[in-house]
Amino acid sequence: MGTLLKYGIMFVALVLVQVLIFNQVHLGGYINPFIYILFIMLLPVYTPRYLLLFAGFFLGLAIDVFSNTLGMHAAATVFIAYIRPFVIRSISNREEDRHEFPGLKQNSFSWFLYYAIIMVFSHHIIFFYLEFFTFTHFLTTLLRVVLSSLFSVFIIVLSQFLIFRE
Amino acid sequence: MRSLFRYLLRNYAFVLFILLETLALAMVFNYNSFQRAKYLNSANFLSGNVFSMYNSVAGYFGLQRDNRELAEENARLRMLLENQGYTVPVNDSLDLAVQQGDSLIRFTTAQVINNSVNSAFNYITLNKGSKHGIRPDQGIISAKGIVGVVGQVSESYAMGLSVLNRRWSISAKLKNNGYYGSLMWPGTDYRFARLSEIPLHVDIAPGDTVITSGYSSVFPEGILVGTISDFTRPDGENYYSINVLLSVDFKSLSHVEVVEIMDKQEINELENIMER
C-alpha cells in the first residue's frame with residue numbers, strides 16, 4: 001500500500017510538472033524536454049512486465065490528453081516500457097550490479113547515466129518522428145531529438161540529486 | 001494449438017506490447033475521429049481545471065504586459081471611433097456586437113490557459129466553452145492579429161488550433177492590392193508562416209501588410225495577420241514563396257477574443273448547395 005501510494009503520487013507529480021512547467025519551455029524552438037518518463041525509469045526492477053507496459057501506456061495517455069498529442073506520447077512510453085528490462089540487463093554486466101531500484105542512489109553514476117541516455121533517446125526519437133511524421137525535415141527533427149534528449153537527461157540526473165534522494 | 005497458447009503465454013509481454021502500441025498508433029493516425037471523442041483533449045473537465053488553476057497563479061507574472069497591450073488597443077479603438085464620428089455607447093457587457101457590412105459579428109473575450117509553440121501541431125486552450133456561446137469553427141483573434149480557430153468545445157473550456165498548426169490553412173490577402181492566397185505554417189519557426197498562391201506579376205515588397213480575406217467565414221475581413229519579411233521566386237513556378245512575419249507573438253498570448261459570424265450558417269448552407 002505504501003509503495004502504491006508513493007508511485008501514485010510520483011505519477012501525478014511528474015505529469016503535472018511535465019505539462020505545467022516543461023511543456024512551456026521553448027528554448028530556441030528546438031528544445032522540448034520530456035522528463036515524465038522518469039516514472040517508467042524508476043519503477044522497481046522486478047516490476048511485472050504487464051504492469052510496466054500498462055503504466056507506460058497510461059502515463060503517455062495522461063500527457064497526451066494535456067498536450068493534445070493523442071497517442072504519440074503513449075506510443076513512445078509503451079516502447080520504452082517494453083525495452084526497459086533489456087536495457088537494464090544489457091548495461092548491468094556483472095551480477096552484483098543489479099539492484100532492486102534503478103535510481104541514482106542505488107547504482108553508480110555512470111550506470112544511471114547510461115540508463116537515462118538510452119531510455120530518453122529511445123523515447124524522444126519515437127516521439128519526435130511520430131510527431132512530424134515526415135522525413136523531409138529529417139535533419140531538423142534529428143537536431144530536435146538530440147538537443148531535447150541532452151536537456152532531458154540533464155534534468156533527470158539533476159532531479160536525482162535534488163529530490164529523489166531518500 | 002496448445003503450443004501456440006503456451007508460446008503466447010510465455011511471450012505475453014511481447015503480445016501486450018504489440019497490442020498497446022497498435023492502440024496508441026491507431027489514436028495517432030485516426031486523430032480526427034478520436035478528437036470527436038471529446039474527453040481526450042485539453043478542453044476536458046480535468047485538464048481544463050488544472051490549466052485554469054495554474055493560470056490563475058502564473059497569470060500574474062504577465063499582468064504588466066497585458067495591461068499595456070489592453071491600454072494600447074483601447075487607445076487605437078478609441079481613435080478609430082472618434083475618426084469615424086461615432087458616439088461611444090455606454091455598455092458594460094463583455095459581449096460586443098459589431099455591425100460590419102451586412103453580417104453581424106460577435107466577440108467574446110477569453111483567456112488563454114494553455115498554449116504551445118514548439119510542436120508540429122500547436123493548440124491553445126481557452127477558459128470559455130459552450131455555455132459562453134463558443135462553438136467549433138469560430139475564429140480566435142487577439143489585439144495584435146489572428147491567433148487560431150476553435151476546434152473542440154466542452155462545457156466551460158475550448159481547445160483551438162493555433163495558426164502554428166499544420167492541420168489547417170488561412171485564406172489571407174495583401175492589404176494594398178487585394179491579391180489573396182493561402183497562409184500555412186511550415187512547422188519550423190513560431191514567428192513565421194508561409195503565404196502561397198500569390199502570382200508572380202504582383203508587385204510585393206518586404207514590409208507589406210497581410211490581412212485575412214474574409215472568404216472563409218471563420219474570420220471577418222481585414223484582421224491583421226502579419227507583414228512580409230522576405231520572398232523568393234521558385235524556379236518553374238508561377239507563384240511567389242513568401243515568408244510572413246506573424247504579428248501575434250505566440251509565446252506571450254494571454255487575452256484573446258473569439259469571433260462569431262452570425263450569418264455563418266446561412267453562408268455555409270449556401271456554399272453546400274453550390275457544391276452539390
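Modeller: Of the 166 residues of chain A, 57% count as buried, where buried means under 20% relative accessible area, exposed means over 50%, and partly exposed lies in between (1.4 Å probe, protein chains only). The model is a predicted one, in which local features need pLDDT of at least 70 and side-chain atom pairs count only at pLDDT 80 or more, while totals for chains, interfaces and linings use all residues. Residues are numbered from 1 along each chain as its sequence is written, chains are lettered from A and ligands numbered from 1 in the order in which they are written, and side-chain values use heavy atoms, with hydrogens and water left out.

Chain A has six helices and zero strands; these elements are DSSP runs, numbered from the N terminus (helices: H or I, at least four residues; strands: E, at least two). Contacts are taken as heavy atoms within 4.5 Å. Among the contacts in chain A with a separation of 6 or more, 69% join residues 24 or more positions apart. The accessible surface of chain A comes to about 7,500 Å², of which 74% belongs to carbon and sulfur atoms; such areas come from the Shrake-Rupley method with a 1.4 Å probe, and for residues only the protein chains shown count as cover.

The buried residues of H1(A) include A:Tyr7, A:Met10, A:Leu14 and A:Val19. Their cover includes helix H2 (38-42) and H3 of chain A, together with helix H4 (45-58) of chain B.

That leads to the interface. Here 34 residues of chain A are in contact with 39 residues of chain B. Between them the chains bury about 3,300 Å², 69% of it on carbon and sulfur atoms; buried area is the accessible area (1.4 Å probe) that two parts lose on being put together, summed over both. On the chain B side, B:Phe17, B:Leu20 and B:Asn118 lose the most area to chain A, together 19% of what that side buries.

For the rings, those of Phe, Tyr and Trp (its six-membered ring) pair if their centres lie within 6.5 Å; planes under 30 degrees apart count as stacked, over 60 as edge-to-face and the rest as tilted. The count by this rule is 22 aromatic pairs over all chains. A:Tyr50 and B:Tyr12 form a tilted pair, because their centres are 6.4 Å apart and their planes stand at 55°. This pair crosses between chains, from helix H3 (residues 49-67) of chain A to helix H2 (residues 12-29) of chain B. A:Tyr50 is partly exposed at 39% relative accessibility, and B:Tyr12 is partly exposed at 33%. A:Phe112 and A:Tyr115, with centres 6.3 Å apart and planes at 65°, are edge-to-face. Both A:Phe112 and A:Tyr115 are buried; they are separated by about one helical turn because they lie three residues apart in helix H5 (residues 109-132) of chain A. Ring pairs also link A:Phe79, A:Tyr82, A:Phe86, B:Phe14 and B:Phe17 into a cluster.

One backbone detail remains. A:Asn68, in the loop between H3 and helix H4 (72-91) of chain A, has a phi near 55°, a positive value in a residue other than glycine. A:Asn68 is buried, with a relative accessible area of 4%.
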